[in-house]
Structure formats: C-alpha cells, structure tokens
Amino acid sequence: MEFRSSHSGCRQVEYWDSFYRSQNGRSAEWCCNWTDLQGYISMLVPKPTSAVQILISGCGNSELSVHMYDAGWQSITNVDFSTVVIAEMLRLHVRSRPHMRWLVMDMTHLQFADACFDVVVDKGSLDALMGEVLDISLEATSYLSEVKRVLRPGGKYACVTQAHVNVLGLLLQTFRQGWLLNVHKILLVSNNSNPQSQPYLFYAIKNSAEDLAPVKCFFGNSQNPCTESQMQLVLDAVKEENRLRSEGGLIDTADVFGQLHQGRRTPLTLGGLYPTVVLDAKPDAEPPAIRCGVFLVPKSRAHEWLFSSEEGQWQVIETAQAGRLILVTLDAQQTDMEYIKQVLSPSIKHLLPLDCRESDTIPYMTTNDALSERILLEEIESPVTGIIHVEEVVLLTEDSLSRRAEASKPKQYRRLVFRRNPNLIQSEASLIPVERNSKERARSKNVVDIARRPNGKKKKSRHKMRDLILSSYPGDEELRVDFSYLSSEYHAGMISGLCLNAHNLEQWISAKEPIRAMIVGLGAGLLPMFVHNHIPVNTIQVVELDGVVGDVAKRHFGFVETERMQLCIADGVEAVSAIARNTSISLRQDSTSGKNPLGDLPSTKSSHTSVGGEVTSKVLLAEVARPPLHAYEIYGHSGGSSNMQEKLHILIIDADSEDPSTGLSCPPGEFLEEPFLRSAKEALVEGGILAINVVSRASSPHITAVALLQKVFEEVYDLEIEEHVNRVLFALSQQSHKSGEGVIEKARVFERITRAFAPWKNGPSVKEYAKKIKRLK
C-alpha cells in the first residue's frame, strides 16, 4: 500500500484498482525509497537466508520487496487487496524472482496460520488505514491484531510511518506486554525523498523477556527544520508512554471494547467516515433492556443538541435502555437502512461487548425520520470519469408514512456519485412538487420536470418507496429539481463568498459593463444553474472535461444551455490559460466517435432506462427563462457568440481529482500550482475574484495552496465548511476599494444586488456564511 493519501478512499479497493491502472506499470513509493531503508532492513534481519519468512503487508506496486529479494531475502510473501496491482506485479516479477509470492488478500483479515512469519514489513499501510489525524480506525486495530497473530516468537514488526498522532498512539498502546518497541528516525539519503515529510521506523520484537520495557528512541541530530515539530511530538509521546509503563498497571488495549465500562464515553470515527460515539450506561442507570444497540443519526439532525452534546447523548442511551449504545452519524449519501447495516456491521462488530459479537440480533435504531431505500436510476461508464451513478433517495417521516400531514410529504433527492470516490456526493438536487396545471409554473426558471405520473392512473413498481412517493402527491403535481436550493454547503459557501467582490460587481453593473463568469467543473449542473438564475452576469462558460458528465447533467438534472450560459467540453487548465494568453482552446473529442460528446444531445424531452431494464424515470428539460429583472438589467449581452478569450470577472474552480497521489479529492493538483494560479490572475479583469473548492483530509495541500495564493494574489480569504473537509479559498486580483469594510457589510451589498436581480427563495444566507470567512492576506 504505497503512496496513499489519508482520506477514506484509501480503504476502498475500487479506489486503488483505479489508481494502479493509471500508473501503467510505474512504481509509486511512499515517503522514502530502498536507498533510505536498506540499512534499517539489514539491522532487523542481518542474515539474508531463505529460512527467514517475510510478509510485506499492503505491498502495492512499491519496489521494496523487489530490492529485498535481490539483496538476498528471497522468502517474501506480498499481499494487497487490489487484484489489479497483484496481477501487474506477478507479470513483472514472477519469472525473474520465482521464489517470491504475490497474493490478493485483505491485510486486516490475513489468511495465514498463527506464528508463520519471522518479519512483517509495513511501509505506509498502517498510515493509510488510520486516515485522518484524529481518526481511530477499527481496520487498523484489526490489522495490528493480525500482525501479532502471524508473527513467530522473536518475530519482528517493522512499520515505516509518518507517526501522526493517531498512528503513534495506536502503536504505543498495541505493543506493550511481551514486546520490545524501538523508534528510529529514518535518515533520508535518496534524492527522491520528500524533505517536508520525515518518516520513522517503529519495530517491535515479540515475546521479549521483559514486560512493559521502556520504548527506546534513536533519533540522532535533526537535519531538517521542517520536521522538528513532528520529531518533538514523537519524543513527547514516547516520554509519556514510558512514564505510564514505569508506574505499571497498563494493560493491552488492542481490544478496548470487549467489556462494558460504566459511564465511559468514547468518540471515534468509524471506518474513517462516520463520526461515532460509544456510550456505556452510567452506574446509576436503570437495568438495561438490551445489552447493546446501534443508533443511526441522520446527517440532517446531527447538529441537534440531543445528538451533538454529551448531555444529550447520555439522554439517548437512557431512553434506549441499553447497556451500550453505539451512536453513528450517517453520511449524507446513506439512505437505505439495509444497505447501511450491511456496510457498518463489520466495523460495528469490533465495538460490541465480547458476548455480543456472535449475535445476529443487535438492534439498529434511528429517529422518526425513516431512511428509504436508495434507487439506482442509471449506471453510466465514462472513459474519463469511470463508473457514474445517478441515484434517487427519499427521507420519510412517521407522518409521511401514515400520510397524515400535508407538511410531512416525502423529501426526495437526486444524486450524482462517481464510483472512484464513493464517499463523496458530487451533486445533490432537491426535488419539489409543483402543480401541473399551470404552464407558467411549468416553465419556471427554478424548476425542471424530473418525474411524471399520468393523472388518475396507478403505476405498478417493484420499488415500494417510489409507489409511496408518487401516491403521496395529487394528480396535478409533479416533482422537479429546485434550482434555487444548494444542498452542498460548499456550493452555498462559494456563492456567498462572492460577496467579497460586491462593490466591484455593483460598479460593473452601474457602468453597464458586460460581466463574464467561468465555472470549471459541471457536476450535475446545479451550481451553474444557480449562478445563471440568481447572479447578474452576462455570460457563463461552464468548462467540463468529461462529455458524459454533461450528458448526465442534461438528462437527469435538467441542466440546460441558454443564450447566457454555454457548456464547453475542454480541459479547465487550458481554458483558463487560453484566456490569460488570449488564444483559442481545443474542445475534447469523444474517443470512440471523434465527435464532440455533447454535439448530438437532444435539448428537449428524453427518457432513460435503468440497468435492470425497467423504465425508472422520465426527464423533461423545460426551458430555463431569463430571470425577471428589476433594479439591475443585464447589459451588453452577447449570448452564444461571446468570445471565450475575453477576461473574466468571476472564476470558480469546482473540479474533482482522480489522482490519489496528490492527497486531494478536489481540485486536481495542477489547479493549485503556481503556473495555473498566475494564469488565473491574468485571466481575471482588475477586481476579479477566484473561488476554489479544496477537499483534502491532509492539511499540507491546503497550506501549500494558501501560500501560493498569497504569493500570486493581492487578497486571500478562507471559508472552512463545518463538519466537512472542504475549504473554499477566495482570491482577489487587486486590493479591495474599501479595504477597511467588514465582510458582513459586503454581504449586505451583495444580497441587495442579487435579490434585486432575481428572488433567492431557498438560496443560502450570505451573511451567515460571511461570518465564517477569514482573511488570510
């Protein structure tokens, strides 16, 4: 498992299959090379012989085991859960290194007998399993249990790690009784090593004669000031561990949840994705009705006092009458109860008391907001993006199930998900009922038809939820996409952050200057549609790399091109650079047909069929009329003939990354490099604004991006989206005209301009987001 970033995708086999395919046989090394490690490996296993059995866990396509084999250690077994990479490594090495084995295997559930290896070598695998700095990964705990099981007496576990807080804590507590634990700071000698990242070697020796022996550190002199703080963190942690060991009484905490501990509350992250709290009932609680239960908290309610505060959580376990309650906050994507149980059960098992782990009757509970099944409308394969899912999900309340209250109708959403990043919803559209008997409303700017039922007719469907949804609305209503609603918080933050440029926007409108915007990254088209309908801009160029995504946005989400907004299938970096250089760009062509992927798309009605062959939905692409204009008119409108080389007033980067080596989920790494940022500044008019959505569980990409933006732009701002890993960065190409004015006042100006242009309806509260925007330069 090499060169892996710290987000939850690192635990998905599909994620790594895609990555290894993209490598085309090139090796990817994490943190350090064989040149850096050779001396330490020789120290651990001084005599290379065939009798020494070595396991490389999470081998990936690293050449570590290849170099070890060539150096004399030939009884090596490599395991990785990616069939793609194991097949590739076999192809490359099976003939030249016949004694080395390559096996497809999950390292958290090794299929080897007890005590069968002398050495287990781990280069980055534990780091990848642990994920974010504050994560507690049950997969990592399971993996280390397997390492301890397969090592022989006297066996050694060698772990190369960056020693983040969570990894450091797990290693120190796992290898206590019956282990000697040593820590080496790896001296980086190769030219390809990253000077910003200091790796450490933790090696533990099994069945030492001493219990609770002190941990020994071998650090030498610090040669890199950039890593001194991390070294001090390791030293402090080891010092505290040795203090506890010297006092005695420490136990092996690898299985901390085997027994109930009255009044204990343990926050953790389940699977690196789900915020979780494990609660053991207080000593004065009533006798429990159930030994252990799981309570699922819908994301929409996670902020409520009952679920977000300690006091509220103790109230929940008291009401549930459980000895232990596992409180799990769901991701926004999770809606199908059976699917959720299937996904969570393997990780939940490690949180159960020992006497419950073989039980099939652990109750799953939730709020009165019942979770629906998830309906897959279509699965599409793109040569650029991979597998794309269009899903429909429903949130039902008790009242909606009994159909007692008009206000409690099902809440339905349509979602766009890329399989390469299954834990990230690319786009989510809110679907709302609209009366059918009004032509004017049927062509409203804010809604597009997405589902119809012939009046007075009942449809037969194997989807009970769909039957319930359709029968919950009168015959004169239909469901449509609500384009006035931005379900993604970072989209709402991006729009709100444009207030930083409010005075320039006001001056451009007053001077009747045509205002141009570019949005790089289409998704389902919800952000471009909001900008089109609610921001007074003359032209909007939407640049999307994948024509299939454009097709999906049109067919499933009602994205339309108008005289003010056009879709361009092209590379976003090239598109921005072309404006900076005042040159033309080349449109991407469909690799199979040689045509523009969107060239032949219908712009009126279309229908689609699901993977199973059942017609699940019809899409009517209603016209999107220009919003009614009031105080502010659009001047100098050039429509479809706009010159793409004209400089921009607004530039928004909302593209996702398919390259895990950058540590970024959004945007692709080149959008945060200095050449692009300089092109972006050059592509903006004086007073223009750049907004970039940055998604990374690691902190370094964000720090680097901020530093480069500060170097290139005159003003830089940051908006952190709460409970998310999104950070929206804003950059202004020149100093604000009213630099002393607060962001809240700019938000008032922006709201006045935009709401005079068109009503916002369900749009975000700009002032609320403005309160969270921080100026960095």
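Predicted model: local features only at pLDDT ≥ 70, side-chain atom pairs only at ≥ 80, totals over all residues.
**Exercise 1. Determine in which sense strand β28 and β29 pair, and over how many bridges.**

Solution. Take β28 as residues 715-720. Strands here are DSSP E runs of at least two residues, numbered from the N terminus. They pair if DSSP finds at least two bridges between them. β28 and β29 pair in the antiparallel sense, over six bridges.

Residues are numbered from 1 along each chain as its sequence is written, and side-chain values use heavy atoms, leaving out hydrogens and water.

**Exercise 2. Find how strand β27 pairs with β29, and how many residues of β29 are buried.**

Solution. β27 spans residues 684-695. Its pairing with β29 is antiparallel, over seven bridges. Ala 691 stands opposite Phe 730 in β29. Now check burial, where buried means under 20% relative accessible area (1.4 Å probe, protein chains only). In β29, residues 726-732, six of the seven residues are buried.

**Exercise 3. State at what angle the axes of helix α20 and helix α21 cross.**

Solution. Locate α20 at residues 674-683 and α21 at residues 700-712. Their axes (lines fitted to C-alpha atoms over the stretch in contact) come within 10 Å and cross at roughly 40°. Contact (heavy atoms within 4.5 Å) involves residues including Leu 677 of α20 and Leu 708 of α21.

Technical notes:
Buried < 20%, exposed > 50% of the residue type's maximum accessible area, 1.4 Å probe, protein only. Helix = DSSP H or I, 4+ residues; strand = E, 2+ residues; numbered from the N terminus. Axes fitted to C-alpha atoms, helices over the stretch in contact; angles between N-to-C directions.
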